[in-house]
Amino acid sequence: MSGKSTYIRAAALLQIMAQIGCFVPAEYASFPIIHNIFARVSLDDNIEANLSTFSLEMREMAFILRNVDDKSMAIIDELGRGTSTRDGLAIAIAMAEALIQSQASVWFATHFVELAKVLSDRPGVLNLHLAATTSTTGEGIPHITMLYKATSGSIEDESYGINLARAMGLPPSFIAKAEEIANDLRVKRKAKQQSSVSRKLVSRRQLILNLYEALRQARDSGSEEALPGYLRRLQMEFIQHMEELDNM
């Protein structure tokens, strides 16, 4: 509805037009010379091949990952929507990382806001979203206007889906229940994040205390010949444990 699928398909069509020498509808455009275009845009299942939507997604993505390179272009639309949110997000992030490593030109449309946040600091990654405005009519009915304009950054409105459902005229009781569930999930997610941060802090303090105790024992041991090797091993173990905590 916002136009992101149309946007990435248009990017592929413009690439083809430019490469065969056609004019493109732009004041200025610059295109690399590519050898392959890969597309993962359909969400239909395949009854004849006994493949579900998700199975078809995985088969097509496996083909893309085997063949994509730095002379390729790929457009990926809503990858991971055919399975659970957790697994879909994990697979989308892993495949996005692989596509980044390939150095191909990739347009990746997704409804996973977390995907944009995770990849935002990767070299060569640019986050865009298609802007929309929310207003209220004179009768108090919410109205969403799609601007069909690519805007820098990822979307920040966590209630966009609920606002869209409200604008489509779904019953107020349904909207109220959806907002209640969304708020409950948001509170639980924040509490879990805070708990995780607290556990990491406690673990770091315990590591530092253990290091202090090990250094004190090394000082009192009196074994000067073995001390340098012991300290190096202690340093490596401490760094390894701290990195494991950071990656939790």
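User: Why is Gln103 called exposed?

Analyst: This is a predicted model. Gln103 has a relative accessible area of 59%. Exposed means over 50%, so Gln103 is exposed.

User: Where is Gln103 found, and what is its phi?

Analyst: Gln103 is found in the loop between H3 and E3. Its phi is near 65°, a positive value in a residue other than glycine. Most residues other than glycine have a negative phi.

User: What is the phi of Tyr148, and where does Tyr148 lie?

Analyst: Phi of Tyr148 is near 50°, again positive in a residue that is not glycine. Tyr148 lies in strand E5, residues 142-152.

User: How do you know whether Tyr148 is buried or exposed?

Analyst: The relative accessibility of Tyr148 is 57%. The cut-off for exposed is over 50%, so Tyr148 counts as exposed.

User: Why is Glu78 called buried?

Analyst: Glu78 has a relative accessible area of 5%. Buried means under 20%, so Glu78 is buried. Its place is in the loop between strand E2 (72-77) and helix H3 (85-102).

User: What makes the link between Glu78 and Lys4 a polar contact?

Analyst: The side chains of Glu78 and Lys4 are joined at 3.3 Å. A polar contact needs a pair of N or O atoms within 3.5 Å, one able to donate a hydrogen and the other to accept it. The Glu78 and Lys4 pair is a polar contact.

User: Which residues does the UniProt domain annotation cover?

Analyst: The UniProt record, an unreviewed entry, gives "domain: DNA mismatch repair proteins mutS family" for residues 72-88. Over residues 72-88 the chain is 24% helix and 35% strand. The end C-alpha atoms of that stretch are 24 Å apart.

User: How many aromatic pairs does the structure hold?

Analyst: There are 2 aromatic pairs.

User: Why is the pair of Tyr7 and Trp107 called edge-to-face?

Analyst: The ring centres of Tyr7 and Trp107 are 5.8 Å apart and the planes are at 65°. Pairing needs centres within 6.5 Å, and edge-to-face needs planes over 60 degrees apart. Both values pass, so the pair of Tyr7 and Trp107 is edge-to-face.

User: What parts does the pair of Tyr7 and Trp107 tie together?

Analyst: Tyr7 lies in helix H1 and Trp107 in strand E3, so the pair ties together parts that are 100 residues apart in sequence.

User: Why are Tyr7 and Trp107 each called partly exposed?

Analyst: Tyr7 has a relative accessible area of 35%, and Trp107 has 28%.

User: What makes Phe38 and Phe63 an edge-to-face pair?

Analyst: The ring centres of Phe38 and Phe63 are 6.1 Å apart, with planes at 70°. The limits are within 6.5 Å for the centres and over 60 degrees for the planes, so the pair is edge-to-face. Phe38 lies in strand E1 (residues 36-40) and Phe63 in helix H2 (residues 53-67), so parts 25 residues apart in sequence are tied together.

User: Which residues lie nearest the centre of the second largest pocket?

Analyst: Ala10, Ala11, Leu14, Phe31 and Trp107 lie nearest its centre, out of 15 lining residues. Helix H1 (4-19) and strand E3 (105-109) are the elements that give two or more residues to this lining. H1 gives the most, with 5 residues.

User: How does the lining of the second largest pocket divide into nonpolar, polar and charged?

Analyst: The lining has 12 nonpolar residues, 3 polar and no charged. The space in the second largest pocket is about 290 Å³.

How values were computed. Residues numbered from 1 in each chain as written. Predicted model: local features only at pLDDT ≥ 70, side-chain atom pairs only at ≥ 80, totals over all residues. Heavy atoms only, no water. Helix = DSSP H or I, 4+ residues; strand = E, 2+ residues; numbered from the N terminus. Buried < 20%, exposed > 50% of the residue type's maximum accessible area, 1.4 Å probe, protein only. UniProt positions renumbered as here; feature names shortened; annotations may be inferred. 1 Å grid on protein atoms, 1.4 Å probe; cavity = no way out; pocket = protein on both sides within 12 Å on 5 of 7 lines; lining within 4 Å. Points joined across faces, edges and corners; volume = space filled by probe spheres on them. Nonpolar A, V, L, I, M, F, W, Y, C, P; charged D, E, K, R; others polar. Phe/Tyr/Trp six-rings, centres within 6.5 Å; stacked < 30°, edge-to-face > 60°.
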